[in-house]
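Thanks for coming. I have one structure to go through today, so please look at the screen.

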Amino acid sequence: MMKRRGLQILMMLVLICTLGISACKKDVGTPEDNAVTEPEEEEGEGEAEEESYVIGFSAIDMENPYFITLESAAREALEAEGCQMITKDPGTDPDLQASQIQEMIDEGIDAILLTPVNWEEITPSLQALQEAGIKILNVDAQVKEMDYVDAYIGSDNYTAGQLCGEDLMEKQPEGGKIAILECPTQNSVNDRITGFEETIADAENGFEVVARADTGGQFERALEETQEILKEFPDLTAIMCGNDQMAVGAKTAVNLAEMKDVIIYGVDGSPDIKKELKKTGNQIAGTAAQSPINMGKSAAELVLKMLKGEPFERETYEEVFMINAENVDMYGTDGWQ
């Protein structure tokens, strides 16, 4: 009886030790012995998130259809890449542009697409942007101090003026008196006028520039200045305009003066000018066209390369081409090319 009781006690002690050892067992044996259930990662978790950038946009005048279209094309391309774009309208006021650029710096932009109202007065803003570490993509019209910008993209403005000059020489081989509507604060317009003047200087029969006026690139001022020029030079042969807004202003003045034989050139390829080219008895001879749609898309692609540290071209020049009454149907009149 005592032996049986002792044996029972001994078996109970062995069982207690065995259970104790099992309870203390950790990370031994095969993986199946120590299976651990990992928490499931949510879809997309652990993947590197694409960095989102904030891009500023400041052009000369956001009432200008050219810049409206350019901005829209750039915005669509950038937002498709997850970026945010902040646009401010200086309305041709260089002081307002400077203050708006400072606002965008304070708002934390990473880069800016910039067309200067005044290519010289923009320099302090370029310095402020550079000091803030903000990438500068100069668009359409160059700044004077190009060393401050990271890259430039624009149309071949000298060739645009050249195309107008060559067309005038074909249409008026006998030469004649010329008026020029310009905007000295915009280097893009300066290049167009230079291309035009240097081209007609090679004409066999001379062209004489008898009048020139700074219109600020605006329709109203172009209209007023052209009216004054026509009073002084009623025998004017042609008017070269630095952009299409000036050309429409010049055409309005010519119509009011009932002068049907004056030839007018613009630069842009705007829908307004293309509609004029469709009319019979029209004084608009042609427009050296650019594409704000392509410019906006190219600018968006370029600024993203700059921000991501990818290789990029420091200067890019988009192609220009002449649109006239003969080929306007190829480009349509209800929008930009």
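Before the sheet, one term: two strands are said to pair if DSSP finds at least two bridges between them. Strand β9, residues 263-268, and strand β10, residues 284-289, are joined by 5 bridges and run parallel. Within that pair, G266 stands opposite T287 in β10. Keep in mind that this is a predicted model.

Now the sheet these two strands sit in. It is open, has 6 strands, and reads β7-β6-β8-β9-β10-β12, with mixed pairing. At the edges are β7, residues 207-214, and β12, residues 321-323, each of which pairs on one side only. From one strand to the next, the twist averages 20 degrees.

Next, the helices that lie across it. Helix α5, residues 157-171, lies across β6, β7, β8, β9, β10 and β12. Its direction is at about 160 degrees to β9. Helix α6, residues 187-200, lies across β6, β7, β8 and β9. In this case the angle is given against β6, and α6 runs at about 170 degrees to that strand.

Last item, a single glycine. Where is G108 found? G108 is in the loop between α3, residues 94-106, and β3, residues 111-114. G108 and A132 are 24 residues apart along the chain, and their C-alpha atoms are separated by 9.3 Å.

That is what I have for today.

Methods: Residues are numbered from 1 along each chain as its sequence is written. This is a predicted model: local features need pLDDT of at least 70, side-chain atom pairs count only at pLDDT 80 or more; totals for chains, interfaces and linings use all residues. Side-chain values use heavy atoms; hydrogens and water are left out. Helices (H or I, at least four residues) and strands (E, at least two) are DSSP runs, numbered from the N terminus. Axes are lines fitted to C-alpha atoms, for helices over the stretch in contact, and angles run from 0 to 180 degrees between N-to-C directions. Contact means heavy atoms within 4.5 Å.
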